[in-house]
Amino acid sequence: MSTAVKPRVKAPAKASKGEIFEVKTLVNHEMESGQRKDRQGAVIPRKIIKKFTARYNGRVVFSCDWYPSISSNPYLAFNIKADESGTIQYVWEDDDGTLYEAESKLAVN
Amino acid sequence: MIAETMARGMTRRTVLTGMGVVTVLGFAGAGPGLAATAAYEEELAKVLQGRTAKDGRITIDVPQIAENGNTVPLTVTVDSPMTESDFVKTVTVFADGNPRPEVAVFHFSPLSGRASAAIRMRMATTQNIVAIAEMSDGSLYQQSAQVKVTIGGCGG
């Protein structure tokens, strides 16, 4: 891939205790399905992000497994319930083992 | 007084629209497995493991008609209190007519707050989206929705 993979995360900086907030994420990645063929008829090998994990102060609050049916430049939105101030860490795992990471800070009052 | 207001608000149009919605939903629910593949049946069996899934509790939000099968928005939400003792553990999403029917598996926790997630997916052809939810007590729920695809998105 020519461009660097750069995850983007949109999450609130503040929340009240017990509030459920939405996190929206986007990663630029081709998500090559392994179903396509090149001009010579050879199958283009699969290369996708297969796993996403969100950790809130170290606790896994949400994760998902992805398959070739996920669109390129995958978008993901999910929810988290605010219970304490801290850091939310987001990790995407590529088929080749590369990890793409991002984080956001949350202040809970 | 409330009843009176409702009766007055209930015009011929609202009644017909309501009936229309019921008809559409009824049709979608009874929609035949247009292009369900053997691969889908196999993957579904792996999730169910001989158990049966009940209907309900899951809402699948997808367009009825997707013009571009390369990127079809999907939101799946499961009705659950999401407490330590009663929450949704996983939701598995299948596209029953794709070459690889698995789309995504979402793993929730009580700290998810809401058992809901949104993604964008590829759809090769007109088919059903099937979601299976596994609750913390081990019970299973299932829901499906048909999406008509104008241009397929698996770029053969």
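So, Phe62 of chain A: its bridge partner in β6 of chain B is Phe108(B). That pair belongs to a predicted model, where local features need pLDDT of at least 70, side-chain atom pairs count only at pLDDT 80 or more, and totals for chains, interfaces and linings use all residues. On naming, residues are numbered from 1 along each chain as its sequence is written, while chains are lettered from A and ligands numbered from 1 in the order in which they are written.

Okay, the strands. β5(A) and β6(B), residues 102–108, pair in the antiparallel sense over 5 bridges. Strands here are DSSP runs of E, at least two residues, numbered from the N terminus, and two of them pair if DSSP finds at least two bridges between them.

Next, β6(A). Phe78(A) has Ala117(B) in β7(B) as its bridge partner. Within chain A, β6(A) also pairs with β3(A), residues 20–26, antiparallel over 7 bridges; there, Thr25(A) stands opposite Leu76(A).

Now the whole contact. Chain A puts in 27 residues and chain B 28, counting two residues as in contact if their C-beta atoms, placed from the backbone, lie within 7 Å. On chain A's side, the elements giving two or more residues are β5 (59–66) and β6 (75–81). Which one gives the most? That's β5(A), with 8 residues.

And by class, chain A's side has 16 nonpolar, 6 polar and 5 charged residues. Nonpolar means Ala, Val, Leu, Ile, Met, Phe, Trp, Tyr, Cys and Pro; charged means Asp, Glu, Lys and Arg; the others, Gly among them, are polar.

Terms used:
Helices (H or I, at least four residues) and strands (E, at least two) are DSSP runs, numbered from the N terminus.
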